[in-house]
Amino acid sequence: APSLNVDVAIIGAGPSGSIAASLLHAQGKRVVVFEKQHFPRFSIGESLLPCCMTVIEQANMQNAVEQAGFQFKNGAAFKYQDKYTQFDFTDKFSPGPGTTFQVERATFDKLLADEAVKQGVDIRYGHSVESIDIDTEPCLSVTNENNQTLRVNAKFILDASGFGRVLPRLLDLEKPSTLPSRSAVFNHIRDNISDANFDRNKILISVHPDNQDIWYWLIPFSDGRCSVGVVGKEQQLQGLTSDANCDLNNVLTTMINQEPGLEKLLANAELINESALLKGYSANVTTLATDKFALLGNAGEFLDPVFSSGVTIAMQSAAMATKALVKQLDGQHIDWQKEYSVPLMKGVDTFRTYVEAWYDCRFQDAIFFDDPDPKVKQMICSILAGYAWDENNPFVSESKRRLDMVVELCRS
Ligand code: FAD
C-alpha cells in the first residue's frame with residue numbers, strides 16, 4: 001500500500017480537528033487530516049460559547065467566522081413554569097469575549113475546515129481511519145472511497161473523530177460515563193415566531209413543567225430557522241420506542257406541546273427535516289493522552305449538552321494538546337498527564353459539577369432564585385460563557401463547594 005510520512009495525523013475535520021491542524025501548521029509542523037465524510041455534513045451542537053472565540057482567534061479564523069452571517073449570541077435564557085431568567089455573557093467575571101454565535105454546524109464546520117485548507121493544511125475527505133499500530137512509531141491505516149488503503153506514519157496522532165471515537169474503540173480506552181444515559185430528539189424548524197419579546201440572541205433552555213429532568217433547547221439561526229430539541233431519559237420521551245419506524249416528528253411535537261411556553265412560541269413552526277434521535281451520547285475514556293496520541297473534544301469525554309459546552313471543550317482541547325505537542329516535536333520531554341489531561345479536565349470537571357447540579361435540580365433552584373447576588377451571578381455567568389478553566393474564579397477553583405453554598409442560600 002502507498003504510504004505517507006507526517007509529523008501529525010489528525011482523525012476528523014470537525015472543530016477540534018480543523019483548529020488543531022491550523023495551530024500545528026502555523027508552527028511549521030507537517031499535518032494531514034483524514035475526514036471520513038464530505039463537507040458540508042450535518043452535526044448537532046449549534047450553540048457556541050464566547051470562550052471558544054479566543055481559540056478561533058488563535059487559529060486566525062476570527063474574521064471568517066464573524067463575516068459568515070451567523071446569528072449573534074450574547075447569552076442564555078432559562079424558563080421553568082412561570083419563571084424566566086437570563087444570563088448576559090458580557091456581564092461576567094472572567095476576561096475574554098462575551099459574545100459568540102449560534103451556527104448551523106454544517107456551514108460552520110465547513111468554514112473552519114476551509115480556512116485551515118486556505119492556511120495550507122492538507123485535509124483529505126472521504127478518507128476513513130480504520131486501524132492503528134502503535135507498538136513503535138504510530139501508523140494508521142486509512143481507506144478511501146475506492147477502497148484503496150494508505151499507510152500513514154506519524155510521530156503523533158490526534159483523535160478528533162467526535163462520536164466516531166476512533167482511538168477509544170481501536171485502543172480499548174472506552175470507559176462508561178457516570179452520567180445516566182439520556183436521549184435527544186431534535187430537528188430544524190422554520191420557527192415563524194411572532195412574539196416580539198422573544199430574544200433571538202440567546203439560546204432558550206426550557207424545563208418540562210412536570211418533570212425537571214426533561215429539558216428543551218431552542219437555538220435561533222439568523223435566517224428565521226431554529227434548532228429545537230428535547231432531552232430526557234429514553235422512557236421519559238413520550239411516544240419514543242426502539243422501533244425503527246418510530247415517528248420522531250410526533251415524539252418531538254408531543255414533547256414540545258407539553259411545555260406551554262414553547263407550545264405557544266412555536267404554534268406556527270414547521271419542521272424542516274425528519275427529526276433525529278441520539279441516545280447514550282455521554283462517554284468517557286481511561287486515558288486522554290500518551291506520548292503517541294491525544295484525544296480531542298468528543299473523542300475523549302462527553303458530558304451532556306445542557307450547557308452547550310461541547311464545541312468549547314473541543315476547541316480548548318485542540319489548543320492545549322497542540323501547545324504540548326509542538327514542544328514534544330521540538331524535542332522536549334512532555335508529561336502528557338500534567339500538561340494536557342489534568343488542565344483539560346479542570347474545565348471539564350467544572351462543567352460536570354454544573355451538569356450534575358442541573359439534573360438534581362440544585363442549579364435550577366439557584367438560577368430561578370428571585371434575588372441573586374450580582375457578583376455571584378457574574379461568576380456563574382463566566383462558566384456558562386465557557387470560562388470553566390479560569391481558576392481566578394472561585395466557582396471554578398472550588399466549583400462544588402461554591403455552588404453548594406449558593407444553593408443552600410437560595411433554598412433556605
Ligand atoms: P465532531 O464535530 O463530531 O467531528 C468529528 C469528525 O470526525 C466528523 O466529521 C466525522 O465524520 C469524523 N470521523 C469520525 N470517524 C472517523 C474516521 N474513522 N475516520 C475519519 N474521520 C472520522 N456542543 C455545543 O458546543 N453546543 C451545543 O449546543 C451542543 N448541543 C449538543 C446537543 C446534543 C444532543 C449532543 C449529543 C451534543 C451537543 N453538543 C453541543 C456537543 C457537540 O456536538 C460536540 O461536542 C462537538 O461536535 C465535538 O466536536 P469534535 O470536533 O470533537 O467532533
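This is a predicted model: local features need pLDDT of at least 70, side-chain atom pairs count only at pLDDT 80 or more; totals for chains, interfaces and linings use all residues.
**Tyr84.** Residues are numbered from 1 along each chain as its sequence is written.

Tyr84 lies in strand 5. Helices (H or I, at least four residues) and strands (E, at least two) are DSSP runs, numbered from the N terminus. Leaving aside neighbours within four places in sequence, I found Tyr84 in contact with Ala77 and Lys79; contact means C-beta atoms, placed from the backbone, within 7 Å. Tyr84 and Asp370 are 286 residues apart in sequence, yet their C-alpha atoms are 9.9 Å apart.

**Leu204.** I then went to Leu204, in strand 13 (residues 202-207). Leu204 counts as buried because it has 23 C-beta neighbours inside 10 Å. Not counting residues up to four places away in sequence, Leu204 touches Ala77, Lys79 and Leu218.

I checked Gln81, in the loop between strand 4 and strand 5. Its phi is near 50°, a positive value in a residue other than glycine. Gln81 is partly exposed, because 15 C-beta neighbours are inside 10 Å. Cys361, in the loop between helix 9 and helix 10 (362-367), also has a positive phi, near 75°. The peptide bond from Phe39 to Pro40 is cis, with omega near 0°; I placed Pro40 in the loop between strand 2 and helix 2 (52-58).

**Helix 11.** In helix 11 (residues 374-384) I noted Lys377, Met379, Ile380, Cys381, Ser382, Ile383 and Leu384 as buried. Their cover includes strand 4 (75-80), strand 5 (83-88), helix 9 and helix 12 (394-397). Gly386 follows helix 11 and has a positive phi, near 105°.

**Domains and record.** I read the chain as domain 1 (3-176 + 282-348), domain 2 (183-279) and domain 3 (362-411); the bounds come from an automatic or database domain assignment. The C-alpha centres of domain 2 and domain 3 lie 27 Å apart. An unreviewed UniProt entry lists residues 6-332 as "domain: FAD-binding"; such annotations may be inferred rather than shown by experiment, and feature names are shortened. Over residues 6-332 I noted 24% helix and 29% strand.

**Ligand shell.** Of the 38 residues around the ligand, Gly14, Gly162, Gly164, Gly297 and Gly310 come nearest; a residue is near if its C-beta atom, placed from the backbone, lies within 6 Å. Helix 1 (15-26), strand 2 (31-35), strand 8 (128-133) and helix 8 (310-329) each give two or more residues to this shell. Helix 8 gives the largest share, 4 residues. Domain 1 and domain 2 each supply at least three residues.

**Core.** The largest nonpolar core has 126 residues, and Ala20 is one of those that touch the most other members. Such a core is a set of buried Ala, Val, Leu, Ile, Met, Phe, Trp, Tyr and Cys residues joined through C-beta atoms within 7 Å. Helix 9 (residues 336-359) gives the largest share of this core, 9 residues. Beyond neighbours within four places in sequence, I listed contacts of Ala20 including Ile10, Leu158, Leu296 and Ala321.

Terms used
A residue is buried if 20 or more other C-beta atoms lie within 10 Å of its own, exposed if 12 or fewer, and partly exposed in between; C-beta atoms are placed from the backbone. Two residues are in contact if their C-beta atoms, placed from the backbone, lie within 7 Å.
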